Amino acid sequence: MRLGVLDIGSNTVHLLIANAQPGGRPLAATSEKRTLRLMRYLQDDGAISPDGVDAILKAVRKARKVAKKEGVEELLATATSAVREAANGPEVIAQIEETLGQSLQVLGGSDEARFTFLAVRRWFGWSAGQILLFDIGGGSLEVAGGSEELPQMAESVQLGAGRMTVRHLPEDPPGDEAVARLAAHAEETLAPLATRFGRIARPDHVVGSSKTIRSLSRLVGYKRPGWSGIDRWMLPRAALGAWIPVLSRIPAQSRQELPGITQDRTFQITAGAVVLHEAMKALDVDELEVSPWALREGVLLRYIEDMGW
């Protein structure tokens, strides 16, 4: 069966198309992505501006055309943080559903964490033991932990890279003082979460997912050989911390010259680095491994599992 997952997120509208079969892997056959950075379109009252709504609908129409051209039999459409939390979210969701011609599944933060955790568990397997997961989106940071396919604990906090850039690092480059204020805000926000996660078992394996974390791993991390020729990317906290002052002092245009930093991540990569560093520090993590699978693969896996049974 040809399946598509349309992920309407804070940074991008991303369509992933895969040939699905019971027991099979959700390997992408086609991927269509449009960068939005919706946080730019948030008004003072928390609503998405008309220009922002137009940008979403334009990207959705394009994705729908690609899905039809690729013969997608079932389109699983989801929306996450920015749309979910906007003051005019219900109106925007109604317009998206009208454009799509179908319903839209609006995921809460803990739902995002659970779907992503499922994908990470399937990628690393049962031998990974107790997993701790970090996932940084544009609007929120998800943290999940557990030893099964469903996490024992899954939480979401408003520390997304795009949101923190708009609120705390609006200048380009932001400079050391602004970065220090963001770090203090992240530390304060994460403290109660860290206390709750301290009540569950220590992780055997710490994992990071999302484009932001993948980009940072290419910048500050290193590779280990994988079991099937796929490189395993590792991201040490110490190296990440050493790079933050560098990122804070160079303009966004220059950051895209750095390894792993793509043009669509240049503006918010500094905030993402600060948030990840503070999250790793709060939960006493020295190093994590990057997962190639994340939310979209989790949605596909859940649907394929239902097909099989």
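This is a predicted model: local features need pLDDT of at least 70, side-chain atom pairs count only at pLDDT 80 or more; totals for chains, interfaces and linings use all residues.
**View 1. Arg 84 pairs with Glu 85.** Side chains of opposite charge can pair when their charged atoms come close. Here the side chains of Arg 84 and Glu 85 form a salt bridge, with an N to O distance of 3.1 Å. Glu 85 is partly exposed, at 32% relative accessible area. Arg 84 is also partly exposed, at 23%.

**View 2. Arg 84 pairs with Glu 112.** This salt bridge spans 2.9 Å, N to O. Arg 84 sits in helix H2 (residues 81–85) and Glu 112 in helix H4 (residues 109–124), so the bridge ties together parts that are 28 residues apart in sequence. Is Glu 112 buried or exposed? Glu 112 counts as buried, because its relative accessibility is 8% and the cut-off for buried is under 20%.

View 3. Glu 305 is partly exposed, with 26% relative accessibility. Arg 302 is partly exposed too, at 34%.

**View 4. Shared partners build a network.** Which residues are joined into one network? They are Arg 84, Glu 85, Glu 112 and Arg 163, linked by salt bridges that share partners. Arg 84 bridges to Glu 85 and to Glu 112. Across the whole structure, a search finds 18 salt bridges.

Definitions and conventions
Residues are numbered from 1 along each chain as its sequence is written. Side-chain values use heavy atoms; hydrogens and water are left out. A salt bridge is a side-chain nitrogen of Lys or Arg within 4 Å of a carboxyl oxygen of Asp or Glu. Buried means under 20% relative accessible area, exposed over 50%, partly exposed in between (1.4 Å probe, protein chains only). Helices (H or I, at least four residues) and strands (E, at least two) are DSSP runs, numbered from the N terminus.
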